[in-house]
Every structure is written in structure tokens, then in C-alpha cells.
Amino acid sequence: MPTEQFTDRASYYAKLEELAGKSVSIQDLFKTEPKRMDNFVMREGPLRADFSKQAISENALKALQDFAAACHLEEWRAKLFAGDTVNTSEGRAVLHMALRGVGGSKEVQKDVKAMQKRMAIFADKVRGEGKFKAVVHIGIGGSDLGPRLVADAFQASGEMALDLRFAENVDGASINDALNGLDPKTTLVVVVSKSFTTQETRMNAEAARSWLTDKLGKKAGANFIAVTANRDGALDFDIPSEQIFDFWDWVGGRYSVWSAVGLSLQIAFGPKIFDQFLKGAAKMDMHFRDQPLQDNLPVMMALTGIWNRNVLGYSSQAVIPYARRIRKLAAFLQQLEMESNGKRITRDGKEAGLTCPIIWGDEGTNGQHAFFQWLHQGTPGAPVDFVAVLKDHSARPEHHMALLANCFAQSEALMLGKPEYKVREELEERADADAIAPQKTFPGNRPSTTITLDELSPFALGHLIALYEHKVFVQGVIWNVNSFDQWGVQLGKVLASTILEEMEADEKGEHDASTTALMGLVK
Ligand code: F6P
């Protein structure tokens with residue numbers, strides 16, 4: 001860990017608040033900072049990020065960069081890539097970048113390569129033999145959200161050779177829907193669980209196994225694969241050793257799509273596409289590792305987030321992909337960001353103050369007809385990450401142009417707003433103008449970042465996801481929280497298991513009156 005703990009965050013925040021003053025007008029910043037487009041737009045490979053519509057002056061940005069340096073960010077970054085125990089509460093290294101060939105020891109790289117080779121051989125075999133027509137991927141959280149997002153996105157560049165389906169929720173409808181209409185003989189079930197203890201995944205795996213065994217008897221085993229960091233757990237679940245694909249405790253669940261957790265993606269789309277995805281992330285890893293803080297994309301993204309959260313006081317952050325194929329981006333980022341940095345206590349056990357905002361969003365333009373009213377006129381609104389893809393994959397250029405026009409218009413509208421005097425001009429002599437004009441006024445000055453990908457290639461997608469991963473790391477360093485544990489999910493799991501046992505046994509345990517009454521509703 002950094003040798004010297006940095007504790008004086010409060011004085012940095014006070015300085016930043018002073019720089020923010022009463023209000024920073026984004027439109028004024030464009031006028032007073034002629035180099036704004038040079039200083040606030042960054043590109044790395046196929047990804048361009050325009051931070052110029054953030055309500056941050058060049059001076060404030062410089063102060064934020066100094067703050068990041070004072071938090072020992074460079075030291076933390078070096079420790080991360082060296083494979084040090086960055087996840088202190090669980091005593092683990094954090095090396096998802098090693099899955100992309102960046103960082104980690106020689107031994108780690110050797111293990112990764114061996115597993116990747118095994119995955120590619122297996123995927124090619126399944127694709128080549130043609131025995132399987134469908135893959136049912138069972139997993140939840142990090143064992144589901146990444147593969148689901150990526151499966152949609154890969155469809156922009158490759159054909160799905162098999163029908164890829166997902167089952168995550170313990171709600172029986174989830175596994176029923178996934179299996180519906182499939183033939184057990186031609187279905188490969190891939191059970192993905194880092195811990196192999198997750199209730200939802202185990203129940204869905206049991207259900208899928210009975211579905212296979214009912215039809216195939218003993219032969220069902222050949223249709224059942226496990227991906228896990230807990231080989232013993234999978235063996236105890238009667239999955240033969242040769243059907244288990246491993247990953248390692250240094251891969252966090254929400255950072256695991258790059259590991260054997262992506263096996264179903266490799267089977268459905270082929271190892272080459274998956275390899276491009278890894279390469280795209282590796283390029284962003286190297287950018288993050290090697291660039292100075294002021295030229296560093298993930299750092300810039302993290303710092304604008306810190307400004308919005310800790311200085312301007314926004315409690316949420318919207319992410320709106322104007323690209324159907326990555327419409328699950330917000331759901332993926334909810335876990336990545338909120339499970340990583342949704343913490344109230346620092347690494348050294350103190351109150352952390354304001355940390356991760358609520359992450360939310362949906363695809364554009366759909367959101368425009370739903371929650372954009374709130375973004376433009378609600379209180380207090382939220383900063384937005386707009387994500388757009390420049391090349392059309394739908395073969396409908398006129399649709400694509402309209403999609404992009406909407407995306408660019410929304411960030412402009414959020415910034416410009418519409419002043420009351422203009423509304424009054426339009427209302428002319430209307431008798432109720434005093435009541436109506438403020439309602440039709442847009443306050444504007446609402447911050448956003450626009451990220452564009454040249455195209456939705458697997459390489460560019462790797463860039464995008466790795467960008468957010470490293471942003472989360474940087475924010476975790478600044479907030480001084482451990483971004484790689486998730487103790488907050490435990491309590492509910494424990495109580496659910498007690499409640500389940502009691503409901504199954506028709507027993508009355510000790511609960512509050514409300515919970516007892518709810519349990520009583522279940523017959
Ligand atoms: O409940 C949260 C969580 O532990 C996530 O961190 C994880 O991604 C998910 O459950 C699934 O865990 P596993 O891959 O071990 O089944």
C-alpha cells in the first residue's frame with residue numbers, strides 16, 4: 001500500500017468548492033477558455049471522450065489532478081498492475097488486466113494463457129461439431145451482466161453460431177424461459193459462479209440438470225459445464241473435473257467477463273472475436289498504466305465524476321447509450337460502480353463521506369420519452385454520460401443519422417437550457433404568462449460527457465468497458481474505499497436463507513411484526 005496515508009481530503013474539497021464558486025456556467029467556459037476543446041477532449045484508439053460540457057474550468061481541472069496526485073494515485077496504480085494486495089479486506093490482488101495480457105507475474109500470465117487456449121479449443125470444438133444448437137448460460141451479477149452486455153454488442157460484428165440464452169434470477173420464470181423450446185440433446189448448459197455458492201445459480205443449475213437428465217439420463221453430464229474459482233465447490237456439485245473451467249480469486253466477479261466467464265461468448269461468437277475484445281481492453285489498460293494523470297482518460301472520467309459528486313453535490317449519474325446493441329450498459333455499470341464504490345467506510349475504518357452516486361439509465365432515444373423530462377427540468381437533474389457509435393451497423397443510414405442527431409441535441413439542450421425571456425417572447429401576450437413561462441423554462445447548465453466509438457467493434461467495446469473499470473479504481477483511491485470487496489451484499493443473503501428455512505418448515509422464527517406478517521402470507 002502507499003507508504004504514507006493521505007488524510008487531508010477535506011481541505012482539498014474546500015479548495016475545489018471555492019473554485020466552483022456559486023455557479024460555473026458551461027457556456028461561459030467555452031467563451032473564456034479558447035483551448036477548451038483541446039484540454040477537455042481525449043481520444044484513445046477508436047474511443048473519443050468529450051468532457052467539455054462538464055461544468056469544470058481549466059483551473060478546477062488542474063486542482064482536481066493535484067488532488068488525485070495527493071491521494072497517491074500513481075502509487076496505487078503501480079501497486080494494482082504489480083499484483084500487490086490491493087483488495088486488502090479480502091487479502092487479494094486485483095488482476096483482471098492480466099486476463100488481457102497486461103500486468104501480473106510470469107506465472108499468472110502462464111496460467112491465463114493456458115486457460116485461454118483450453119477455452120478456445122473447447123469453443124472451436126463445440127462450434128465445429130455442430131452437436132449443440134443452444135447454450136444456456138446460468139449465472140448472476142458479475143457472472144451474468146458482462147456476458148449479457150457483450151453478447152448483444154458482439155452481434156454488431158459477428159453471427160451467433162448458436163442460440164445463446166441466459167438464466168440469472170431465482171424466479172423460476174428465468175430458467176423456464178431460458179430452456180423453453182430447447183432440446184436437451186442439443187443444449188449445452190454453462191454454469192458460471194465464482195464462488196459456486198450463489199443460491200440463484202445453484203437452484204437454476206439443479207433445475208437445468210434435472211431437465212437434461214430427465215431426457216438424457218447418464219449422458220446428460222456431457223452437456224453440463226462449470227466455470228468457477230471454486231473447483232471443489234463444482235466437484236461437490238458432481239461436475240467432473242474435465243468439465244470445469246477455472247478462474248482465479250484475483251478476478252473480481254464484476255471484472256470477470258474477460259475470464260472463462262466469457263466461455264459462452266466464445267462458443268457463440270468464436271474465439272477470434274473474443275480475442276479482439278481482450279486486445280481492446282489491453283490497449284486501454286496500457287493507456288491507463290502509462291499516461292500521466294493529466295492525459296489519462298480514465299483519470300479524467302473519474303475526476304469529472306468526483307467534481308459532480310463531491311463538489312456540485314449530484315447524487316446520481318445517468319448513462320445513456322444511443323446504441324441499441326449496448327443498451328444494457330447502465331445495468332452492467334450499476335454493478336461495476338455501485339458494488340465497487342457504494343461504500344460508506346474508508347479502508348482505514350473511518351467515515352468516507354460522499355462516495356459512489358446512483359448509476360442509472362436506459363437506451364436513447366427511448367429515455368427521451370420517459371425520464372428526460374426529469375433530466376431537463378427536474379430537481380436536481382443528473383450528469384449524463386452519452387455513449388454513441390459513429391458507424392451504422394443496422395444498414396439503415398437514415399435511422400442512424402436521426403439517432404446521432406438526437407444524442408448530440410440532448411447534450412446541447414442540457415447545457416443551453418431555454419431562458420425565461422425567450423419563453424415569454426413565444427408566449428406573447430398570453431394572460432397566464434406569469435404562471436406558464438417558468439414552467440416552460442429550461443435551467444440549462446446541466447453537465448454531460450459524450451463518448452463516441454468509431455464503430456461497435458469488439459476492440460472498441462473492450463476499450464469502453466476497461467475505461468469504466470479504471471475510472472472506478474481511480475474514484476476508489478480518491479474516496480479511499482476498497483473497490484474490490486462487497487460486504488454489503490451479505491446480510492440480505494443470510495436473512496433470506498433463514499426466512500426460506502422457516503417458511504419451508506412452517507416455523508415461526510423471531511422477526512419484527514411486518515416480516516412475520518409477510519411470511520404468513522405464503523402458504
Ligand atoms: O451478491 C453479489 C455477488 O457476490 C456479486 O459480487 C457476484 O458477481 C454475484 O454475487 C455472483 O457471484 P458468483 O459468481 O460467486 O455466483
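Hi everyone, let's start at one residue: E363 sits in the loop between β9 (358-360) and α15 (372-377). Helices here are DSSP runs of H or I with at least four residues, strands are runs of E with at least two, and both are numbered from the N terminus.

Before going on, a word on the source: this is a predicted model, where local features need pLDDT of at least 70 and side-chain atom pairs count only at pLDDT 80 or more, while totals for chains, interfaces and linings use all residues. Residues are numbered from 1 along each chain as its sequence is written, and side-chain values use heavy atoms, leaving out hydrogens and water.

Back to our glutamate. Is E363 buried or exposed? E363 counts as buried because its relative accessibility is 7%; buried means under 20% relative accessible area, exposed means over 50%, and partly exposed is in between, with a 1.4 Å probe and protein chains only. The E363 side chain makes a polar contact with the side chain of R324, at 2.9 Å. By polar contact I mean a pair of N or O atoms within 3.5 Å; within protein, one must be able to donate a hydrogen and the other to accept it, and residues adjacent in sequence count only if both atoms are side-chain atoms. Leaving aside residues up to four places away in sequence, E363 touches I320, P321, R324 and R327, where contact means heavy atoms within 4.5 Å.

That loop between β9 and α15 also holds T365, and the peptide bond from G364 to T365 is cis, with omega near 10°. Another cis peptide bond joins T379 and P380, with omega about 0°; P380 lies in the loop between α15 and β10 (384-389).

Now please look at the loop between β5 (187-192) and α9 (199-216), the place of S193. S193 counts as buried, at 4% relative accessibility. Its contacts, not counting residues up to four places away in sequence, include S143, V227 and A229. F196 lies in the loop between β5 and α9 too, with a positive phi near 55° although F196 is not glycine. At 2% relative accessibility, F196 counts as buried.

A395, in the loop between β10 and α16 (397-416), also has a positive phi, about 60°, without being a glycine. A395 counts as exposed, at 70% relative accessibility.
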